[in-house]
Amino acid sequence: MMQAKREGFEREPVGAFGAVKPAAGPHADPAAPVVLRQAKRLSTPPLVRHEESSATRLRKGFAAAVSAEKDHGLAFLFLPVAMGAGAGLFYMAPTDPALVFVAAGLMVALLVAGLSREHHITSARCAGYLAALFAGALASGIEVHNGALLLDSDVTTTITGTVQAREFDPDGRVRYLVRLASTADPQIRRPPLRVRLSARSSHMVLPVGAKISGRARLSAPSGPVKPGGYDFAFRAFVDRIGAQGYFYRAPVEATVSSSRAETAAGWIQSFGLGLRSMREDVSARIREVLPGDPGGIAAALAVSDRRGISKPVVEALRATGLAHILAISGLHMALAAGTLYIGIRKGLAVFPALVEAWPVKKIAAVGAMLTATAYLLISGGSVSTQRAWVMLTIMLVAVLADRPALTMRNVALAAMVIILISPSAVVGPGFQMSFAATAALISAYAAIALRARDRSAAPGGSASGSVPRRWLAFAAKALLGLAVTSLVAGLSTGLFSAHHFHRVAGNGLLANLLAMPLVTFVVMPAGLLAMLLMPFGLDAWPLKIMGQGLEGVIAAANYVHGLGGDFSVGQIPLTATLIAGTGFVILVFLRSRLRLAGLALIAVGLMFTLPPMAGPRPDILISETGDLVGLSSPSGLASNAARPNSFVFGQWQTAMRGAPHLPPVAEPKMESGSDPGAATEPVAAILERLLAAATLRPSRFQCAGRGTCVAIHAGAAIVAIDQAALIGAACDRADLVVVAIPVYMSACRSGAMLITSRSLRRSGSLAITVNREAQSAAGGQGGYQKTKARPRFKVNAALQGVIRPWTVQRYYEWRTGKFDLPG
């Protein structure tokens, strides 16, 4: 081999382009370099540099970025996005999609993905995303199939059932969750399975599992208070609570024979009732040691019982962006399980022989998993708690498998599990905000860690210095980390908070910087220790420490709330949220420069929230019962009630960017003896008088009595009444008549628009916009001419045409016992 090497490589030297180098030394030919240069010119083509065009460089850069994203496993991260889209589309459909076709689509998509996996990877991925879409829709269909039966109309009846849970408010009143066994006087034809009833009268509180009976007023779950708003009937349907109401008198304990279904459930129901009883005992013990708001918040953190917190404190927490403290989220479960995890590892580290013989890290992970499971059971297992438990369990399983715990892949896997278990959570704010915050934090800290590794690898990049200097650097990094965490979490959840709650906490960063150190290092560790010591009766002093920390949190919330900064942004269009949400997903999931496309989409989404793109605000709002009408104007939000329903009107105000309330102007009532049902002339005279007063004061209701109001708004005459005898006269004089009683009359003969509580029962709440051309013809915003052409109304109904299991009860006729479905 050495000989061959000498023969092959120890010959004449060869130049860079293959020419023979001239021999060096005294016998070298002086003309050789000239010949060599000529040979190079003849044998070697000249090097010509072609300048790449911008399009070519852009295409190559895009291909390199896509290749880098593929290496990071980007395709898997979009699977839960597709599943969530399938669940959301299923719930947004006006009618129930056929589950047979959904299941067939899932099978076909899986088959295509499996067959094209080896030869057509792009087709396989597209089919996989389609399968994920169908999987989310199928999970939603299964959940809808297992939903509750909702009460069709309000009724007063005598109920008998079993107490399944109890909640206490700050005043000591109790609210029962009752599983109905029977109803009487009258008997409900379509009784809901479970109802939630408040007991206002003082009585001996019945324990969980007791039989309860009493005369109660049951109300059907309400729909959205405005089009595009939160559907409370849908939430009640998913939670399997078919009605709510209150007892007229104190309920009593009753004797009810167990049904076959209850007997078949056996130990499962006993286990569930035992958990609920334990929750109440824990809550009562916490309130005994910690009275007031600190005890209420502590009970919320321990067993998800938030009824003991006063409204001012809840409002302060919401306005400062600290309301997430009240929900058992991934943060609280991670703090509880993480505290025990660190405690077990540090405790076992005291014994070096044990550390060498046993996998201490995995033992601590198992202990943390058991702690999280116990937290899930004792807290009641709400959707947010289930979501937190699934996410934490997946991360702890990753620790057991010696894999990184906090990765985007684990977050995606947790989201997929949650969608399969509870797909309705996708359309709720809890799921969106928690996963948005988690994904954003992982993405942000991954980028920070990458930059830190680059700095440490550079010369002089390692930290050095004296011990005090290192401690100061550690404290500064901890404070900076808390600030970054609060800022990233606040920005990532701000979009969804603005969409669902129409408000943004401007000083949320300051509030979290002040409160979260107390929650992290005082409240949750002391709470975990109190829960561990509670069976032994040694929980008093940890609970008091927890209470001191919560008092600090409340003080921080009140201080920041006093500074202001709580902005009402109004109702955000769904289109804007979808576009900005897509941009957020791209920004968080991608690692290359392609993520900048996410910023562009977020900017486009924000543009859709501006007045030119968002469209005009509605001129008129009507509640689904018809007894409350709102008029939106630059000066405020006028209503036909001096003291409107705070729940409904408060949400209207928030959607209208905090518009002030303009109460109605009280006009003299009808003279005694002028019965509306006896003579037409007094009624006409009253409406004429109100109409004349409304013309002088536009966009403000003029009322004669509680149920007769008139307003001139946006060039239209509006009459809101609650008496059938006034309908004819109102139709002759108004453009829009709202009747707060169920009448079978569907239209005015005069051509005016007629809206009754019967029609509102099917359509839900209304948002009406008056045609702007009609306003100009009428003489402007407040002008009104009796001889003018009637304005045209653009009506947006919350539930018009939506026939789903949580809305079908609106079409039920209790007189006939049948559904009067359209078409």
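Which residues in α6 meet which residues in α7? The legends below take up this contact and then some aromatic rings.

**View 1. Helices α6 and α7 in a predicted model.** Helix α6 (residues 99-115) and helix α7 (residues 121-145) pack at an angle of about 155°, and their axes are 8 Å apart. This angle makes α6 roughly antiparallel to α7, a term used for angles over 145 degrees. On the α6 side, L99, V102, A103, G105, L106, A109, L110, V112 and A113 meet A124, A127, G128, L130, A131, F134, A135, A137, L138 and G141 of α7, where contact means heavy atoms within 4.5 Å. The residues of this contact divide into 16 nonpolar, 3 polar and no charged, with Gly counted among the polar ones.

**View 2. The aromatic pair of F237 and W806.** The structure holds 13 aromatic pairs, in which ring centres lie within 6.5 Å (planes under 30 degrees apart count as stacked, over 60 as edge-to-face and the rest as tilted). F237 and W806 form a tilted pair, 5.7 Å centre to centre with 50° between the planes. This pair links F237 in helix α8 with W806 in the loop between β20 and β21, 569 residues apart, and both residues are buried, meaning under 20% relative accessible area.

**View 3. The aromatic pair of F496 and F584.** The ring centres of F496 and F584 are 6.4 Å apart and their planes stand at 85°, so the pair is edge-to-face. F496 belongs to helix α19 and F584 to helix α22, 88 residues apart.

**Notes.** Residues are numbered from 1 along each chain as its sequence is written, and side-chain values use heavy atoms, without hydrogens and water. In this predicted model, local features need pLDDT of at least 70 and side-chain atom pairs count only at pLDDT 80 or more, whereas totals for chains, interfaces and linings use all residues.

Definitions and conventions. Axes are lines fitted to C-alpha atoms, for helices over the stretch in contact, and angles run from 0 to 180 degrees between N-to-C directions. Helices (H or I, at least four residues) and strands (E, at least two) are DSSP runs, numbered from the N terminus. Angles under 35 degrees count as roughly parallel, over 145 as roughly antiparallel, 65 to 115 as roughly perpendicular and the rest as oblique. Rings of Phe, Tyr and Trp (its six-membered ring) pair if their centres lie within 6.5 Å; planes under 30 degrees apart count as stacked, over 60 as edge-to-face and the rest as tilted. Buried means under 20% relative accessible area, exposed over 50%, partly exposed in between (1.4 Å probe, protein chains only).
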